[in-house]
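The following exercises concern a single protein model.

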Amino acid sequence: MTTTNNFTINLLNESTKIKEIISSCVDLLYCNEAKPYLEYLKNRLNKKAIKEFEFGLLPPNELLYLLSSKTISNLKELKLYNEWSINDQINSIDSYNFFKNHNVIMPIKDDFNNYVGITGRTILSEIERKAQNIDKYKNSFFTKSVILFGLNEAKYSIMTTKKVFLVEGQLDCITCHSNGFYNVVSLNGTTFGIFQLYLLKKYGGENLEICLLLDNDEPGNIAMDKIIKNMSKFAKITKIKVPNQFHDIDSYINTTNNFDLLI
């Protein structure tokens with residue numbers, strides 16, 4: 001019992017720290033120094049989505065002075081920030097910011113709205129990312145196999161429709177929700193496990209229809225075939241592909257304003 005209680009307390013403490021970090025970074029998104037980051041988001045999402053999904057700015061190293069001591073303390077406790085002196089000189093401090101290249105952040109929540117992680121996104125172009133060998137996303141430490149991004153908002157629609165669409169990226173999910181299609185969740189990647197299936201059936205029931213709508217590239221196609229092969233004996237799973245000229249459901253909707261794939 002003591003072990004269980006300690007685990008619960010640690011989980012709640014971590015959730016509180018993540019929530020405090022997010023709250024602080026949401027405020028920073030609207031400061032003068034954050035204009036490039038806010039403009040990036042406005043070009044991708046509407047104001048309502050930016051607010052509802054709690055996007056914020058976790059500043060790059062040159063802007064770390066914007067962070068409060070409380071936020072830095074929380075980041076340190078979550079092992080997302082570190083400082084050390086160089087050559088033991090107190091006045092010469094270096095720092096490591098976990099999200100130093102992925103400064104547009106938002107929280108990862110479980111289906112009960114607990115804050116379980118943070119995801120960061122870079123605003124660099126694809127050419128810049130490849131030149132610097134930087135991934136588009138970077139996630140804090142959370143167990144992907146027990147989380148479905150957006151399920152906290154999608155579960156009521158899944159209960160009603162008995163149907164769910166699995167997409168790859170968080171922005172894919174957010175774009176669908178922003179356009180009124182709430183029975184969509186993100187895998188935070190391309191892997192779909194048995195516990196995630198349990199989560200979906202918890203809300204959609206045993207006859208839940210699962211539609212795979214991953215990215216239109218080789219990894220996405222391979223992942224969909226693998227999911228169908230491994231999981232179709234446990235659920236009704238179908239594969240949906242966006243037209244070849246589009247990379248994902250996010251680009252398809254934003255370019256065509258067409259929602260036929262989600263019906």
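**Exercise 1.** Determine whether Asn-103 is buried or exposed, and state which residues Asn-103 touches.

*Solution.* Step 1: the relative accessibility of Asn-103 is 6%, so this residue counts as buried; buried means under 20% relative accessible area, exposed over 50% and partly exposed in between, with a 1.4 Å probe and protein chains only. The model is predicted: local features need pLDDT of at least 70, side-chain atom pairs count only at pLDDT 80 or more, and totals for chains, interfaces and linings use all residues. Residues are numbered from 1 along each chain as its sequence is written, and side-chain values use heavy atoms, with hydrogens and water left out.

Step 1: Asn-103 is located in the loop between strand 3 (89-97) and strand 4 (104-109). Helices (H or I, at least four residues) and strands (E, at least two) are DSSP runs, numbered from the N terminus.

Step 2: leaving aside residues up to four places away in sequence, Asn-103 touches Tyr-37, Gly-56, Leu-57, Leu-58, Pro-59, Pro-60 and Arg-121. Contact means heavy atoms within 4.5 Å.

Step 3: a polar atom of the Asn-103 side chain lies 3.0 Å from the backbone oxygen of Phe-99.

**Exercise 2.** State in what order the strands of the open sheet of four strands are arranged, and which strands stand at the edges.

*Solution.* Step 1: the order is 1-4-5-6, with antiparallel pairing; two strands pair if DSSP finds at least two bridges between them.

Step 1: strand 1 (56-57) and strand 6 (137-139) stand at the edges, and each has a single partner strand, so one side of each lacks a neighbour in the sheet.

Step 2: strand 5 (residues 115-121) is joined to strand 6 by three bridges. Arg-121 has Tyr-137 of strand 6 as its bridge partner.

**Exercise 3.** Describe how helix 7 and helix 10 pack, and classify the residues in their contact.

*Solution.* Step 1: helix 7 (residues 170-178) and helix 10 (residues 249-256) pack at about 40°, with their axes 8 Å apart. Helix 7 is therefore oblique to helix 10: angles under 35 degrees count as roughly parallel, over 145 as roughly antiparallel, 65 to 115 as roughly perpendicular and the rest as oblique.

Step 1: helix 7 contributes Leu-171, Asp-172, Thr-175 and Cys-176, while helix 10 contributes Ile-249, Asp-250, Ile-253 and Asn-254.

Step 2: by class, the contact has four nonpolar, two polar and two charged residues.

Definitions and conventions: Axes fitted to C-alpha atoms, helices over the stretch in contact; angles between N-to-C directions. Nonpolar A, V, L, I, M, F, W, Y, C, P; charged D, E, K, R; others polar. Polar contact = N/O pair within 3.5 Å; in protein donor to acceptor, adjacent residues only side chain to side chain.
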